Each structure stands twice: as C-alpha cells, then as structure tokens.
Amino acid sequence: MSETISVCCTACGRRHRYTAPSYPCACGKPVAPALDPHGTATAVTHRAWDEEWVGVRCTACGERSRWPRPELGCPCGTVLCVPVDEAAPGRSGRDAGSRVPAHRAVPIRTARDAVTAAVLYLRGLGHRHVRRADQRPLSGIGLAAAGLVVQVDPTAGPATARDVECLWLTAMAESARCVHFSLAGYAPDARARADLLGVALFVLDPTGVPRPANEPAVALDATAD
C-alpha cells in the first residue's frame, strides 16, 4: 500500500501531503518506495541519471526493480526530492542490476514520465541497460543501449523530419539502430523520412503505452517479450 507523509518545501516552508506512487511488479502486484517520515526533503538543483532512480523490492515475490525517485513540485516552483527510507527491509534501496517488467505503463504527466515509459518499453525489448546518451540531441532527451540510439520527445509539437534525420545520422555514426518516441506524434514529412531511413517511430499515449507509428516500429514491437 502506498505511504503518505508530510513534506516541507525548503524554499517557501509550505507543507504538502505526498503519497508514494505505486508501480506494477512483474508478478502483477503493486510496489511503492518506502518513504521516510522523519527525513528532510531536498531541492532538486541538477539532474544526474544515476540519481533519478530508487530500488524497490516487491514484498509478494521478492523481485527488485528500479523506479523513478519520488519527487514533489511545490507551487513556488521548487522541485523537491522526497526522502526515501533506504534501510526499510525488503522495500527499497539503490540497485543497479534490476529487472523492470516489459510493457508496464506509467501514466505520462511530465517529461520524466515520458522517459520512464520509453525505458520500460526498451527493457521489454531486451535492452536491460538503458542510459543517458553521451551525445545530447538537438531536441528532446537522448537515451542509449547496446546497439541502439533513442530519442524521446516530450514536447507538445509533432516531431519533424529534421529530428528524424539527426537521430538517424547519430545512429549511423555509432553503427546502431535508432528509435524515436514522441508524445505529440509526427509531421507527415517526418513519417516519410523515417520510412525511407528505417527509423522506428512510436507515439506515447497519455497512459504511457508506446504505439508503433510506422512499419519499422511494428517490426521492432514484434520482437518484444
């Protein structure tokens, strides 16, 4: 069951009630990070990929997976990192070698949720070690896995042909395949260029489920577990 604690904003002093989000384990049971009611929230001032995740162990089957570290947005504009009880037995802790189940949707409310949905999907394709790309794309968020270059576009506008071409060029330089995820879909010329270059296009719906948007994506989707 998800926990609820009181979180104090470090900038304005407002107090908020925060409930830990639940995520689906591979066994089907919901899991949630253990929050620390005696801990102190900290303001998020910079982002580091390794610090974005927290390990959570399912109390039903014992499986350990990594999920986004709990955060809370205060109306004053401050983003707070919610304290997690790292010592809670069988509940949470950092775990870099986790397995995340395939095709488990995370509702998309933020850009971070879009990245999480893409990572979960890629893990379902067998890419267990997904990381931030070394080369940042011109737009969106770049991810990488063995033999794969990925771009996630969480913006409100459709992806363009230039977005597709830049992703393809990056993948060609690394002798890798490329996949593009977009929240707002694709412009007609982007779809045409992706079909020509063999770039797999996926549309992320609000529930966090990636939908194949062209034939390369359909073929890639068929390889999922």
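Q: In the hairpin of strand 1 and strand 2, which residue takes a positive phi?
A: This is a predicted model. The hairpin of strand 1 and strand 2 has six residues between the strands. A positive phi near 85 degrees is found there, and the residue that takes it is G13.

Q: How many bridges pair strand 1 with strand 2?
A: Strand 1 covers residues 4–8. Strand 1 and strand 2 pair in the antiparallel sense. The number of bridges over which the two strands pair is five.

Q: Which residues make up the covered face of strand 2?
A: Side chains in a regular strand alternate between the two faces of the sheet. In strand 2, the uncovered face holds R15, R17 and T19. The covered face holds H16 and Y18.

Q: Which element gives the largest share of the lining of the largest pocket?
A: The largest pocket holds about 450 Å³ of space. Its lining has 21 residues, and the closest to its centre are Y23, E71, T110, R112 and D113. Strand 2 (15–19), strand 3 (23–24), strand 8 (71–73) and helix 1 (111–124) each give two or more residues to this lining. The largest share, three residues, comes from strand 8.

Q: How many residues in the lining of the largest pocket are nonpolar?
A: Sorted by class, this lining includes four polar residues and six charged ones. The nonpolar residues number eleven.

Q: Is helix 1 largely enclosed or largely open?
A: A residue counts as buried when its relative accessible area is under 20%. The buried residues of helix 1 include D113, A114 and V115. Twelve of its 14 residues are buried, so the rest of the structure leaves helix 1 largely enclosed.

Q: How far does helix 1 reach from its first C-alpha to its last?
A: Helix 1 has 14 residues. At 1.5 Å a residue, the expected reach is 20 Å. The helix is close to that, and its reach is 20 Å.

Q: Which residue with a positive phi follows helix 1?
A: The phi value here is near 105 degrees. The residue that follows helix 1 with this positive phi is G126.

Q: Which element gives the largest share of the lining of the second largest pocket?
A: The second largest pocket has a volume of about 260 Å³. Of its 19 lining residues, Q135, R136, P137, V149 and T170 are the closest to its centre. Two or more residues come from each of strand 12 (141–145), strand 13 (148–153) and helix 2 (161–173). The largest share, five residues, comes from helix 2.

Q: Is H180 buried or exposed?
A: H180 lies in strand 14, residues 177–182. Beyond its neighbours within four places in sequence, its contacts include Q151, D163, Y186 and F202. The relative accessible area of H180 is 0%, which makes this residue buried.

Q: Which strands stand at the edges of the open sheet of six strands?
A: The sheet runs in the order 11-12-13-14-15-16, with mixed pairing. Each edge strand has a single partner strand, so one side of each is left without a neighbour in the sheet. The edge strands are strand 11 (131–132) and strand 16 (210–212).

Key
Residues numbered from 1 in each chain as written. Predicted model: local features only at pLDDT ≥ 70, side-chain atom pairs only at ≥ 80, totals over all residues. Heavy atoms only, no water. 1 Å grid on protein atoms, 1.4 Å probe; cavity = no way out; pocket = protein on both sides within 12 Å on 5 of 7 lines; lining within 4 Å. Points joined across faces, edges and corners; volume = space filled by probe spheres on them. Helix = DSSP H or I, 4+ residues; strand = E, 2+ residues; numbered from the N terminus. Nonpolar A, V, L, I, M, F, W, Y, C, P; charged D, E, K, R; others polar. Expected span 1.5 Å × (residues − 1). Buried < 20%, exposed > 50% of the residue type's maximum accessible area, 1.4 Å probe, protein only. Pairing = 2+ DSSP bridges. Contact = heavy atoms within 4.5 Å.
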